[in-house]
Amino acid sequence: MNNQKFGYQDDNQKITLDFATGKEIILNIITPEIIEVFEDHGCATNSYAIEGNKKQPTDYTVTDCGDHIEVQTTALIGKVYPDRKIDFYDAQNHPLVLDYRGERQMLPTDMDDEHRNTVMSEGHAVHAKATPDNVNFEILKSLAKDEVFYGLGGKTGFLNKRGYEYDNWNTDVPVLHNDSQTHLYKSIPVVYGMKNGYPYGLFFDDTYKSHFDLGKESDNYYFYSAVGGNVDYYVLGGQTLQAVVANYTYLTGRTPLPQKWMLGYQQSRWGYSISDTRVEDIADKFAEYDLPLDVIHLDIDYMRGYRDFTWDTTKFTDPKAFVQKMRERGIRLMPILDAGVKVDDKYDIYKEGMAKGYFVTNPDGSVYIGSVWPGDSVFPDFGNPDVRAWWAKHIKFFADMGACGIWNDMDEPANFRAKGQLPDDLVFHNGQEKTTHAKMHNVFGHLQSQAAYEGMKAATQQRPYIITRAAYAGTQKYSTVWTGDNAAVWSHLQLAIPQLNGLGMSGFAFAGTDIGGFQEDTTPELLTRWVEASVLVPLMRNHSILGSRYQEPWSFDQQTLDIYRKYLNLRYRLIPYLYDQFHQAETSGLPVMRPLVLNYPQDRETWNLNDQYLVGDNILVAPIVNQGATKRMVYLPAGEWVDFWNNTEYAGQRYVMVDAPLDTLPLFVRKDTIIPWGNKVMHVSDEPEKMMTFKVYGNQGTYCHYQDNGQDFKYQQGEFNEYVINVANDQIEVQLQKHDFKPVYQHIVVETATKHAKFTFDSESDQYRQVETN
Ligand code: MIG
């Protein structure tokens, strides 16, 4: 039997710890700021979140200190005790993540079985409590008095997750999303904390159903539990909260630079795709009302009987020609694709998949039949790499049609049978091994999106545009996300900001919500405030459910239309700024849209700020999210800030009261910032822009602007340009710092408060010449 005493073996950044009782615990030193804690529970160890070897050669020491063993890098100290407890500190010995030395104290309940039935008989939900006996393991960590929590992907509730519990189990939630729902469509098991102001992260890489209690049950501990998998979590260190987030995206991957037009405005509704004429009518209206637009989304009706990879030619006479025709008008089409495949012996996808054994089976080996839009449906076993390759190959169908991407829906996966889920014991693959749905559920959407990404990339050689509703940690490498079926209620406009900020901190730099609200009937005021709030949200799409009140920009009065247009125009002006931010995000691993706490973690006022966001470092958006409000308090963090609309300057680190009549979004630019200001356009052009303007807020500034072809992967070989704009002491300079993408702006204009300087490109010197100033 295990007779070993407390001790360790040290093997090249892998420290195996032995205890008098219980399993060994392994500490893997990934980088100086990342340590993995692993305890084998007999499950597969491959990761769907982390691809490739992330271990970097790292200096570290392991010391036997008598009563504990100490593992130290330049950034983290791990102290392991004979009773299996582990504590992590930063290099200055500030506690970050400490095992809790006590037992859980379950919340008291006054409900016995009889009362439970009484309560349920009226229709009230009675939530099962996470108890130690219905999970595989629980990990309790001690909680400090002022500890705050962020991350977890797009959960419900507020920015700071302290005091709430959440589950990780991808679920189609077609009812109103509110604070009491512990889980929605995505499972991103990363949480960031600040203990006494010191930041850390914990990433639990387990795809099984898991649970976070972040100080709801107790003020003394928080805990994580899971129903399966190994104990496998990463302690993320870093000097700042930003560094911690960058470490998480180092591990799980960074949001790749999108094609530029993906940042354009997008219009959708379940119902548009009933015919080509209906879609065309929407495009016509955008033109008629002078509204810019890049993408129209095609919901499920374009398919033939909801069969994946089909296009109903009774609704679209010639789909390919139609896509091409719209493309010539500057509009791209984005078809939806569902997870469930119709059971139909005359349908090639079904036949092929059946012949190859590509669908998920019951434990007895028969193919599992659920139900989705097409009626009886089967589900591809995306855990099998051959199935992904097969799916990816069929994606070519859409690429050949000229579709601009793939919109993955119902990929939790959702099912109309078995209480909306697939049964836990269905047989899936995890690579070549057989496993269960319980393990693969939370990565179903991830793997479907990966297949779509790879299929599109192979077919087009361009940066794929994939949107998914379900996701796991790491999905950001393949797909953008939207937050699913929200509703046209003010609380969902309020929810949008913490949700998107949470997704951003969890790696998803490219995300959005359905503008106007998907379910229920919007109002002109709600729609107006929603489009204002979304002006710098990375994914900008208006989407609604069929049967709801129309919510296209022209659906209400002239004022609503005019304000909507004003913000679409502003969006297009700011696309170059957003695109620059995406370029930076790909290397920094930080989100584009972010909560203030990410940039100002020392400032306690930012810790619970739910209704504001930053875009990069220099633009602050403070939307109106309450009906009837025409003023609001805005918290401006340290520094000086300039009101975008009237150039009023404010000192930061205080609240200011600002006016926000219906047509005004409170918008601020950090003083002494330069912002690129795109041309007024109706669509993002395929052709390189001939001219760019830069606006100076304040008196000086430096800005580095990025330019590439906006479409393919050549930028990864260095095919891009960098412009540096410098304004200081009344001097304005424009420099082409890097010129490896051939086309350049012919003209550049720099606007300061008092001057308007125009520069022209001189091909001889490969630089800009100032031609006039006034
Ligand atoms: O609600 O395809 O979240 O965006 O319009 C039923 C129809 C299924 C859910 C998606 C929504 C989409 C809808 N789908």
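The residues of the shell around the ligand comprise 8 nonpolar, 1 polar and 4 charged, where Ala, Val, Leu, Ile, Met, Phe, Trp, Tyr, Cys and Pro count as nonpolar, Asp, Glu, Lys and Arg as charged, and the others, Gly among them, as polar. This is a predicted model, in which local features need pLDDT of at least 70, side-chain atom pairs count only at pLDDT 80 or more, and totals for chains, interfaces and linings use all residues. Residues are numbered from 1 along each chain as its sequence is written, and side-chain values use heavy atoms, with hydrogens and water left out.

| Side chain | Ligand atom | Distance |
|---|---|---|
| Asp299 | oxygen | 2.4 Å |
| Asp409 | nitrogen | 2.7 Å |
| Arg469 | oxygen | 2.9 Å |

Taken alone the ligand exposes 340 Å², of which the protein buries 95%, with accessible areas from the Shrake-Rupley method and a 1.4 Å probe, and for residues only the protein chains shown count as cover.

Elsewhere, Asn721 is buried at a relative accessible area of 0% (buried means under 20%, exposed over 50%, partly exposed in between, with a 1.4 Å probe and protein chains only). Its side chain lies 2.9 Å from the backbone nitrogen of Phe741 and reaches the backbone oxygen of Pro743 at 3.0 Å.

Among the cysteines, Cys404 is buried at 10%, whereas Cys65 is partly exposed at 34%.

Definitions and conventions. A polar contact is a pair of N or O atoms within 3.5 Å; within protein, one must be able to donate a hydrogen and the other to accept it, and residues adjacent in sequence count only if both atoms are side-chain atoms.
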